[in-house]
Amino acid sequence: MATTQSRLRSATPDEQFQEVTRGMVDLHVEKEFRDRLRKAWDTGVPLRVKAGFDPTAPDLHLGHTVLLSRMRRFQQFGHTVIFLIGDFTGLIGDPTGRNATRPPLTRDQILANAETYKKQVFKVLDERETEVRFNSEWLGPMTFADVVRLASRYTVARMLERKDFAKRYEATTPISVHEFLYPLAQGYDSVALRCDVELGSSDQLFNLLVGRQLMPDYGLPAQTVLTGPILEGLDARLDPATGRIAGDKMSKSLGNYVGVAEPPEEQFGKLMSVTDDLMWRYYELLSERSTAEIAALRAGHPKAAKVALAKEIVERFHGAEAARRAEAHFEQVHARREVPADVVEKVLSLGGQPAMAIAALVADAGLAASRSEARRLVAQGGVTVNGERATDPTAALPAGEYLVKVGKRHFARVRLA
């Protein structure tokens, strides 16, 4: 493995700046950041780059990995990346973007989620090169007097500059005092870790700037702050009026996501379904390829670039062989319109009835989570039986064999007896 010194000099400060700021939203302050990159290049002392994660949910999707991908680029240039698990701040609950007080998690919930997080994030970050910290290390031992001293360094007026707090205050929606402590605790994390750079998503800007403002009070240089966007979901499109990608953020509840733990074929197929414009957005925010490599891909055929992106993402989470198989599966099922060789076979009983409704068959064959979901899929035209599109969820099928396809990627050969 290359040494820290060699990686720090593997690219000029300007080249590093170009790569680590790809797709950024905010940078406070550019000159300071460039000066720090130059100093690291000159002295061989890496920057300390922190990003905090409150383990509030156990499963991640690609939207969560946008920040991890930026951390990985810093890591590749030899800088020290700190993956901070907010096990203590998670007990408070981050109020960002919320119009009501969020119930805090229990300690057991936080620790269980943190373990799941660690397993998933090291599919993006190099575990050997990542400094993992828990903010209970320094926040836990603080006395009430310490908390009062920390709180004295920030005013209520400054807190109410934050949009979500201001909206709730104007609407007379309750704001609990402990919610004001969250940005202060996050800011103190930067003091404790002596950060040079803090990363986060654009909705976290206020919290990140609190750390920048607190550090000089503790005799430390103010950290620079770099935020990135919130990733759009698979159904986002280019808005011709603005020239920008527009759509809902990637979300499990909206069904427009690629899960980190999803099967390789599912990840590959979902990524192949995005528009060409959205594909380049994903390259910018998720790919480990350099800006120059992405520019070279742009000069080629869009489908080849989309296949390369899908393979890169699948390989990241499942390995090279899984990515190869996922590509072959996609080519077989979609490009050549063939049925996969490993199609699932099911035997279902009519239970003495002469026939079974299509929606019931789809659900019982495991192609939908429930009969209500199966009815919706059939009604929306997302189900074919023996190559014919089904539209009536109540249409009945007698005994026999049926090749059932749901969506673009799910098949089952069902024998109804």
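Predicted model: local features only at pLDDT ≥ 70, side-chain atom pairs only at ≥ 80, totals over all residues.

Author: Residues are numbered from 1 along each chain as its sequence is written, and side-chain values use heavy atoms, with hydrogens and water left out.

Reader: How many helices and strands does the chain have?
Author: The chain has 18 helices and 15 strands. Helices (H or I, at least four residues) and strands (E, at least two) are DSSP runs, numbered from the N terminus.

Reader: And what does the C-alpha trace span along its principal axes?
Author: The span is about 80 × 50 × 45 Å. Of the 417 residues in the chain, 49% are buried, where buried means under 20% relative accessible area with a 1.4 Å probe, protein chains only. Among contacts with a separation of 6 or more, 69% link residues 24 or more positions apart; a contact means heavy atoms within 4.5 Å.

Reader: Let us turn to the second largest pocket. How much space lies in it?
Author: The second largest pocket holds about 710 Å³ of space. On a 1 Å grid over the protein atoms alone, a pocket is an open set of points where a 1.4 Å probe fits, with protein on both sides within 12 Å along at least five of seven lines. The volume is the space filled by probe spheres set on the points, which are joined across faces, edges and corners.

Reader: Which residues lie nearest its centre?
Author: They are Gly255, Glu266, Lys270, Arg409 and His410, out of 23 lining residues, a lining residue being one with an atom within 4 Å of a point. Helix 12 (264-272) and helix 18 (371-379) are the elements that give two or more residues to this lining, and helix 18 gives the most, with three.

Reader: Is Glu266 buried or exposed?
Author: Glu266, which has its place in helix 12, counts as buried because its relative accessibility is 14%. Leaving aside neighbours within four places in sequence, Glu266 is in contact with Arg409 and His410.

Reader: Changing topic, what is the strand order in the open sheet of five strands?
Author: The order is 9-15-14-11-12, with mixed pairing; two strands pair if DSSP finds at least two bridges between them. Strand 9 (344-348) and strand 12 (388-390) are at the edges with a single partner strand each, so one side of each has no neighbour in the sheet. From one strand to the next, the twist averages 30°.

Reader: How many bridges join strand 9 to strand 15?
Author: Five bridges join these strands, which run parallel.

Reader: Finally, which residues of helix 9 are buried?
Author: In helix 9 (residues 163-170), they are Asp164, Phe165, Ala166 and Arg168. Their cover includes helix 8 (156-159) and helix 10 (177-193). Thr172, which follows helix 9, has a positive phi near 55°.

Note on methods
Axes fitted to C-alpha atoms, helices over the stretch in contact; angles between N-to-C directions. Buried < 20%, exposed > 50% of the residue type's maximum accessible area, 1.4 Å probe, protein only.
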